[in-house]
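Hi there,

Here is the structure I promised to pass on. Please have a look at it first, and then read my notes below.

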Amino acid sequence: DGLLKWAPHNLLTYSEDFTNAAWWLFDAGDTRTPDAGVSPDGTTNALLFAPDSTTNVHVLRQAFTFSSDVTYTLSAFIKSAGRRYCQIAAGGSVLGTPSYDYRRGVFDLQSGAVVSEPTDGTASIQDFGGGWYLCSVIITIPSGGSSNFDICHANPATPTSNTITDGNGTDGIYVWGAHLYRSDLGGMANNPDRGDSYVPTTTTAV
């Protein structure tokens with residue numbers, strides 16, 4: 001297409017192992033159940049992430065240091081397991097924007113629609129079949145620093161809020177294939193091993 005692009009890469013570790021210590025829960029009472037569902041690769045290796053009943057934000061996150069004035073794509077494959085809405089965001093006040101709204105996308109896992117885009121970016125949702133969606137957010141970080149890649153539950157009454165008041169520890173979302181990559185230049189070339197953009201990782205970033 002005539003564009004200079006980044007080689008396929010993923011800046012996260014353990015992109016399919018959300019029980020690894022690289023990932024942690026903002027609310028320690030939330031439930032992480034590994035191998036609870038069949039992922040888009042046909043293997044029973046998807047995580048069930050369910051919020052407890054505490055009125056709190058319910059976030060699964062991995063620490064990452066974002067660079068200033070760099071455009072990133074944050075994405076994950078997500079499927080409803082009883083809860084309808086989710087969010088993907090670059091979390092952390094050090095990133096220099098006045099609110100979380102500037103750095104998150106909100107997604108409807110029932111209708112397959114974007115509910116809300118980040119103020120300074122875009123969001124997209126792609127149907128991968130079987131109830132799975134690739135949910136993505138593209139944002140330019142105005143002020144970098146140590147922060148997080150966030151996968152959040154959303155309040156069904158107000159999907160742009162990640163404060164949950166109706167969690168039960170059972171209903172949640174399935175999560176698989178978290179991905180963080182640079183989208184400046186012409187974006188990132190597809191992974192030739194898969195034919196799409198996703199690049200899996202384990203102990204180290206690729």
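Serine 39 lies in the loop that runs between strand 2 and strand 3 (46-50); strands here are DSSP runs of E with at least two residues, while helices are runs of H or I with at least four residues, all numbered from the N terminus. Serine 39 is buried, at a relative accessible area of 5% (buried means under 20%, exposed over 50%, and partly exposed in between, with a 1.4 Å probe and protein chains only). The side chain of serine 39 makes a polar contact of 2.7 Å with the side chain of asparagine 45. By polar contact I mean a pair of N or O atoms within 3.5 Å; within protein, one must be able to donate a hydrogen and the other to accept it, and residues adjacent in sequence count only if both atoms are side-chain atoms. Leaving aside residues up to four places away in sequence, serine 39 touches Asn45, Ala46, Trp132 and Trp176, where contact means heavy atoms within 4.5 Å.

A word on the source: this is a predicted model, in which local features need pLDDT of at least 70 and side-chain atom pairs count only at pLDDT 80 or more, whereas totals for chains, interfaces and linings use all residues. Residues are numbered from 1 along each chain as its sequence is written, and side-chain values use heavy atoms, with hydrogens and water left out.

Six strands make up an open sheet with antiparallel pairing, in the order 2-3-14-6-11-10; two strands count as paired if DSSP finds at least two bridges between them. Its edges are strand 2 (31-37) and strand 10 (121-129), each of which pairs on one side only. On average, neighbouring strands of this sheet are turned by 30 degrees against each other, direction ignored (axes are lines fitted to C-alpha atoms, for helices over the stretch in contact, and angles run from 0 to 180 degrees between N-to-C directions). Within the sheet, strand 6 (residues 70-81) and strand 11 (residues 132-141) pair in the antiparallel sense over 10 bridges, and valine 70 stands opposite isoleucine 141 of strand 11.

Strand 7 (residues 85-91) is worth a look too. Seven of its seven residues are buried, so strand 7 is largely enclosed by the rest of the structure. In a regular strand, side chains alternate between the two faces of the sheet. Here both faces are covered: Tyr85, Gln87, Ala89 and Gly91 are buried on one side, and Cys86, Ile88 and Ala90 on the other. Strand 7 pairs antiparallel with strand 8 (residues 104-108) over five bridges, where aspartate 108 is the bridge partner of tyrosine 85. Strand 7 also pairs antiparallel with strand 12 (residues 145-153), over six bridges, and there alanine 90 stands opposite phenylalanine 149.

What about disulfides? A search of the whole structure finds zero, a disulfide being a pair of cysteine sulfur atoms within 2.5 Å. Cysteine 86 is in none, and its nearest cysteine sulfur, that of cysteine 135, is 4.4 Å away. Cysteine 86 is buried at 0% relative accessible area, and cysteine 135 is buried at 0% as well.

Is glutamine 62 buried or exposed? Glutamine 62 is buried, with a relative accessible area of 6%. Its side chain reaches the backbone oxygen of threonine 13 at 2.9 Å. Not counting residues up to four places away in sequence, glutamine 62 touches Leu12, Thr13, Ala22, Trp23, Ser147, Asn148 and Phe149.

Best wishes
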